[in-house]
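Dear colleague,

Please find below the structure I am handing over to you. My notes on it follow.

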Amino acid sequence: MPEGFPSARVSLDRLFELAEVLGAMMQRGVAERGLTTARAGVLWALFHEGPMTQSALAGKLGVTPRNVTGLLDALQGDGLVARAAHPTDRRATLVSLTATGREVTAELRGGRDGLAALLFADMPPGQLDAFTTSLARIIERLKAVGPTGRE
């Protein structure tokens with residue numbers, strides 16, 4: 001066993017625990033607004049990136065175009081997104097948030113901001129910066145190892 005491995009194991013256990021807690025909180029938060037996590041992901045992408053084609057949205061979310069069509073059908077039915085012809089590409093459909101969609105995503109953002117304030121309000125800025133840097137490094141390593149957990 002490499003030196004420091006038990007500490008690394010404990011840290012990974014904490015990350016799994018964190019993922020479980022945050023995942024459950026996120027599911028409750030979106031469910032309170034009548035959403036699934038997949039539908040919230042669509043709203044979040046449009047909130048951050050602005051209007052985009054259905055194809056670009058599917059790519060951004062890492063889902064098939066068929067899957068994104070089903071998500072958009074439900075969100076459009078709820079009045080949260082609108083689809084319109086693309087202004088320069090007649091083959092494409094442009095997706096954007098409606099006023100109601102912007103309101104729902106602003107509520108989601110407000111909930112996240114409130115949680116951030118609660119969690120990090122008393123953490124010294126240098127410690128928060130180091131934590132954020134460490135998390136970024138861990139996320140990049142996780143992306144590099146892929147779904148099997150091995151390089």
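Leaving aside its neighbours within four places in sequence, with which residues is L43 in contact? They are L35, L75, L80, V81, L97, V104 and T105, where contact means heavy atoms within 4.5 Å.

As to provenance, this is a predicted model, in which local features need pLDDT of at least 70 and side-chain atom pairs count only at pLDDT 80 or more, while totals for chains, interfaces and linings use all residues. Residues are numbered from 1 along each chain as its sequence is written, and side-chain values use heavy atoms, with hydrogens and water left out.

L43 also belongs to the largest nonpolar core, which has 21 residues; such a core is a set of buried (under 20% relative accessible area, 1.4 Å probe, protein chains only) Ala, Val, Leu, Ile, Met, Phe, Trp, Tyr and Cys residues joined through side-chain atoms within 4.5 Å. L35, L43, L46, L57 and V81 touch the most other members. Helix α2 supplies the largest share, six residues. Helices (H or I, at least four residues) and strands (E, at least two) are DSSP runs, numbered from the N terminus.

The axes (lines fitted to C-alpha atoms, for helices over the stretch in contact, with angles from 0 to 180 degrees between N-to-C directions) of α2 (residues 37–49) and α5 come within 10 Å and cross at roughly 90°. The two helices are therefore roughly perpendicular (65 to 115 degrees). On the α2 side, L43, W44, F47 and H48 make the contact.

L118 lies in α5 (residues 99–120) and is exposed because its relative accessibility is 68%, exposed being over 50%.

Yours sincerely

Note on methods: Parallel < 35°, antiparallel > 145°, perpendicular 65-115°, else oblique.
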